[in-house]
Amino acid sequence: MAGHSKWANIKHRKARQDNKRGKIWTKIIREITAAARIGKSADPAANPRLRLAWDKALSANMPKDTMERAAKRGVGAGDGEQYEEMRYEGYGPGGVAVLVFCMTDNHNRTVSDVRHAFSKFGGNLGTDGSVAYLFSKQGVLYYPPGVDEDALIEAALDAGADDVQVGEEGAVEVITTPEDYVSIKDGLTAAGFVPEESELAMRAAVTAPVEGDQAVKLVKMIDMLEDLDDVQEVFHNAEIPEEAYA
């Protein structure tokens, strides 16, 4: 849709994350520690979940020794906080479906903070399953406008990608299954196609455009949620116009 450039949305999200680098690092450290504990290994080569958190840390320019300390803490003798993973579902301004993934050591605090962010901007929390059915987990590799589309498409399909989507502005998204995400990312990187951004994301089959004041409120709600220490990731099915990020 005109004015709803996915690539513009990605650029705005990246800029906001860069401005919150300290907070982003705190969240990733928590994720690395939990992944090492759950996978019982501080070696990303032997722990797929840790490898994903490791890649995220590298993308955020986190020092390797910080990553290693977090992983070693995860496989320590039960020292430190024990975090529980939680998922909250709800509706944002304009009825947009929103998924919020958290890692917390205090469920009551987290649900209160998440509920407050929703209600402050005219949204509301839903029950388990109220919007999750709209989403599926996918690996997504983002390439900016100007990439050699034909060569990238050929390389991606040869690597086993599920789909390749080219936007009107020339940005390319390579879609993978969660299981093949790491191997396809590594394969494309080795072939010279280093993604500008990449992630395992919850992607909605159906999107919902929001405009005007509702779009601005939604951006503010997402920002407030992402600022919460216990919130790891926020996904939604909105098509947000570029001007709403201003």
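**A note on the fold and helix α5**

1. The protein has 8 helices and 10 strands (DSSP runs numbered from the N terminus: helices are H or I with at least four residues, strands E with at least two). This is a predicted model, where local features need pLDDT of at least 70, side-chain atom pairs count only at pLDDT 80 or more, and totals for chains, interfaces and linings use all residues. Residues are numbered from 1 along each chain as its sequence is written, and side-chain values use heavy atoms, leaving out hydrogens and water.

2. Of the 246 residues, 44% are buried (under 20% relative accessible area; exposed is over 50%, partly exposed in between, with a 1.4 Å probe and protein chains only).

3. Now to helix α5, residues 107-120.

4. Which residues of α5 are buried? They are T110, V111, V114, A117 and F118. They cover an arc of only 125° around the axis, so they sit on the same side of α5 (the arc is that of the directions from the helix axis to the C-beta atoms). On the other side, N108 and K120 are exposed.

5. The cover over the buried residues of α5 includes β1 (84-91), β2 (97-104) and α8 (212-227). After α5 comes G122, with a positive phi near 85°.

6. One for your backbone check: K40 has a positive phi near 55° although it is not glycine. K40 lies in the loop between α2 (21-39) and α3 (48-59), and is exposed at 73% relative accessible area.

How values were computed:
Contact = heavy atoms within 4.5 Å.
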